[in-house]
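Subject: The structure I promised you

Hi,

My notes on what turned up follow below it.

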Amino acid sequence: ARLKIENIEVRRLSAVRTTTADAEETSAMAREIGGLWTVVDGYDFDCDYRCRLASGVGGLLWVDDLGTSDRVCARVVLNSEIVASDTMYPQADPETLLLLGAQYFLIRREFLRACVTIPEVAPAVRHVMVALGGSDAGNMTPAVLRALQAAHLRDAHITVVVGPLNRQLEALRSETAAIGSHVRLIANADM
């Protein structure tokens, strides 16, 4: 429904996702509709796929939050992680535009509209949610938890949401359990 509201046409590919045929079919479709840019966002789109796709489309924007690829193969890289830096992309061509850091965070319009007025602040914090993306590439969740402990929010319920690519899941399970029963961990959340 959201795509219709944004007037975005959906076309189905016949090729299997992330294959050479997928890249070729996507490139052909982009040319057919006169698309100037193609956006790739997903952990399955590896550097080989992006390079095949980039060679057949006008411009390629790659949404990344890991910074672990050995090749970029995109004219623009968008990584809105707090810890994103150009050192994560040493193989990028000098003309590749790197949009790095929280100022490039993607947020839907309805959330922006919801923040037009500043709500009244409760006298005490009762609920805190910690969510640092699908992977938390900088492993910042433990630092946030330590800061919350230092704030002495004993009456607050803390929910830690961990994405499917977080490599520190077991350590976070131990850390949240050690803090206390007021901290809940939700693992493998689809963000």
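**What I found**

The protein has 191 residues, and 34% of them count as buried; buried means under 20% relative accessible area, exposed means over 50%, and partly exposed is in between (1.4 Å probe, protein chains only). A word on the ground rules: this is a predicted model, so local features need pLDDT of at least 70, side-chain atom pairs count only at pLDDT 80 or more, and totals for chains, interfaces and linings use all residues. Residues are numbered from 1 along each chain as its sequence is written, and side-chain values use heavy atoms, with hydrogens and water left out.

pLDDT is the predictor's confidence in each residue, on a scale from 0 to 100. The average here is 88, and 96% of the residues score at least 70. Confidence is lowest in helix α4 (residues 109-114), with a mean of 74, and highest in strand β4 (residues 97-100), with 97. Where pLDDT is low, the predicted coordinates should not be read in detail.

**The overall layout**

You'll find six helices and seven strands. Both kinds are DSSP runs numbered from the N terminus: helices are H or I with at least four residues, strands are E with at least two. Starting at the N terminus, the order is α-α-β-α-β-β-β-α-β-α-β-α-β. The C-alpha trace spans about 60 × 35 × 30 Å along its principal axes. A contact means heavy atoms within 4.5 Å; among contacts between residues at least 6 apart in sequence, 45% join residues at least 24 apart.

Have a look at helix α2 (residues 20-33).

Which residues of α2 are buried? They are Asp-22, Ala-23, Thr-26, Ser-27, Met-29 and Ala-30. These cover an arc of only 165° around the axis, so they sit on the same side of α2; the arc is that of the directions from the helix axis to the C-beta atoms. The buried residues of α2 pack against β1 (37-41) and α3 (47-54). On the other side of α2, Glu-24, Arg-31 and Glu-32 are exposed. After α2 comes Gly-34, with a positive phi near 75°.

**Salt bridges**

Side chains of opposite charge can pair when their charged atoms come close. I counted a salt bridge when a side-chain nitrogen of Lys or Arg is within 4 Å of a carboxyl oxygen of Asp or Glu, and the whole structure has five.

Glu-9, Arg-11 and Glu-32 are linked in a network. Glu-9 pairs with Arg-11, with the closest N and O atoms 2.9 Å apart. Glu-32 also meets Arg-11, at 2.9 Å from N to O. Glu-9 is exposed at 58% relative accessible area, while Arg-11 is partly exposed at 34%.

Another bridge joins Arg-17 to Asp-44, with the closest N and O atoms 3.5 Å apart. This pair also links distant parts of the chain, 27 residues apart, with Arg-17 in the loop between α1 and α2 and Asp-44 in the loop between β1 and α3.

**The nonpolar cores**

In soluble globular proteins, nonpolar side chains tend to be buried together. A nonpolar core here is a set of buried Ala, Val, Leu, Ile, Met, Phe, Trp, Tyr and Cys residues joined through side-chain atoms within 4.5 Å. The largest has 17 residues, of which Leu-53, Leu-60, Trp-62, Val-72 and Tyr-89 touch the most other members. Elements giving two or more residues to this core are α2, α3 and β2 (59-63). A second, separate core has 11 residues, including Val-130, Leu-145, Leu-172 and Val-183.

Most residues other than glycine have a negative phi. Asn-7 has a positive phi, near 60°, and Thr-18 has a positive phi near 70°. Asn-7 lies in the loop between α1 and α2, and that loop is also the place of Thr-18. Asn-7 is exposed, at 72% relative accessibility, whereas Thr-18 is partly exposed, at 24%.

Happy exploring!
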